[in-house]
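Let's take a walk through this fold together, one step at a time. Have the viewer open and follow along.

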Amino acid sequence: MSSSIIVRSVTRQDFDRWLPLWDGYNAFYGRSGDTALPSEITTMTWSRFFDAYEPVHALVAESEGQLLGLVHYLFHRSTTAIAPNCYLQDLFTTQASRGKGIGRALIEGVYERAQAAGSGRVYWLTHETNETAMKLYDKIGERSGFVVYRKLF
């Protein structure tokens with residue numbers, strides 16, 4: 001199946017097919033129903049993909065007219081490098097397409113765009129319980145050894 005996958009930048013016409021993927025991604029992380037993201041966040045996220053001043057980008061994986069997955073990534077400055085870093089923020093594939101190379105193709109699409117932008121690295125986070133995804137990540141990336149801390153406001 002992976003030979004028929006097209007990874008491409010999202011277009012404005014993709015919204016109705018992107019939205020179920022976005023909703024699925026958020027549901028996977030417990031953001032649905034009463035805990036769903038406000039619609040303003042979805043609207044703003046979508047608009048950022050098409051704003052040349054925003055460093056946020058989106059790719060989709062398509063096969064036979066169906067969107068099978070999405071990846072969102074952004075570029076940011078660093079105090080330890082001149083070139084921008086690339087942060088892969090969101091990755092999601094449909095349940096039916098898992099294990100068929102979609103996630104790998106999307107990540108490799110980000111790798112290609114990061115290299116083209118002169119970025120020296122792509123990095124991402126995943127939840128420690130996301131064991132299925134980590135099987136892929138361990139093949140195509142390396143664990144940094146860093147532990148993430150945060151404070152919510």
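Is strand S3 largely enclosed by the rest of the structure or exposed, and how many of its residues are buried? Of the 11 residues of S3, 9 are buried, so the strand is largely enclosed by the rest of the structure. Keep in mind that this is a predicted model.

Strands of a sheet pair through backbone hydrogen bonds, either parallel or antiparallel.

Both senses can be found here. S2 and S3 are antiparallel, paired over 8 bridges, and Val60 has Leu70 in S3 as its bridge partner. The hairpin of S2 and S3 has 2 residues between the strands, and in it Glu64 takes a positive phi near 50°. S3 and S4 are also antiparallel, again over 8 bridges; here His72 is partnered by Asp90 in S4. S4 (residues 85-93) and S5, in contrast, run parallel and are joined by 3 bridges. Cys86 has Val122 in S5 as its bridge partner.

Now for the interior. In soluble globular proteins, nonpolar side chains tend to be buried together. The largest nonpolar core in this model has 22 residues, and Leu88 and Val110 have the most contacts inside it. S2, S3, S4, H3, S5 and helix H4 (131-140) each give two or more residues to this core, with H3 giving the most, 6 residues. Leaving aside neighbours within four places in sequence, Leu88 is in contact with Val71, His72, Tyr73, Ile107, Val110, Val122, Tyr123 and Trp124. There is also a second, separate core of 15 residues, which includes Val10, Trp22, Leu67 and Tyr87.

Next, turn to helix H2 (residues 39-48). Which of its residues are buried? They are Thr42, Thr45 and Trp46. These cover an arc of only 95° around the axis, so they sit on the same side of H2. An α-helix has 3.6 residues a turn, so residues three or four places apart point the same way. The buried residues of H2 pack against helix H1 (15-28), while the face turned away from the buried side carries the exposed residues Glu40 and Thr43.

Trp46 leads us on to the aromatic rings. A total of 14 aromatic pairs is counted. One of them joins Trp46 and Phe49, with ring centres 5.9 Å apart and planes at 80°; an angle over 60 degrees counts as edge-to-face, so that is how this pair is classed. Both Trp46 and Phe49 are buried. Tyr87 and Tyr123 make a tilted pair, 5.0 Å centre to centre with 40° between the planes. Because Tyr87 lies in strand S4 and Tyr123 in strand S5, this pair ties together parts that are 36 residues apart in sequence. Tyr87 has a relative accessible area of 16% and is therefore buried, whereas Tyr123, at 25%, counts as partly exposed. Finally, Phe15, Trp18, Trp22, Tyr25, Phe28, Tyr29, Trp46, Phe49 and Phe50 form one aromatic cluster.

How values were computed: Residues are numbered from 1 along each chain as its sequence is written. This is a predicted model: local features need pLDDT of at least 70, side-chain atom pairs count only at pLDDT 80 or more; totals for chains, interfaces and linings use all residues. Side-chain values use heavy atoms; hydrogens and water are left out. Two strands pair if DSSP finds at least two bridges between them. Helices (H or I, at least four residues) and strands (E, at least two) are DSSP runs, numbered from the N terminus. Buried means under 20% relative accessible area, exposed over 50%, partly exposed in between (1.4 Å probe, protein chains only). A nonpolar core is a set of buried Ala, Val, Leu, Ile, Met, Phe, Trp, Tyr and Cys residues joined through side-chain atoms within 4.5 Å. Contact means heavy atoms within 4.5 Å. The arc is that of the directions from the helix axis to the C-beta atoms. Rings of Phe, Tyr and Trp (its six-membered ring) pair if their centres lie within 6.5 Å; planes under 30 degrees apart count as stacked, over 60 as edge-to-face and the rest as tilted.
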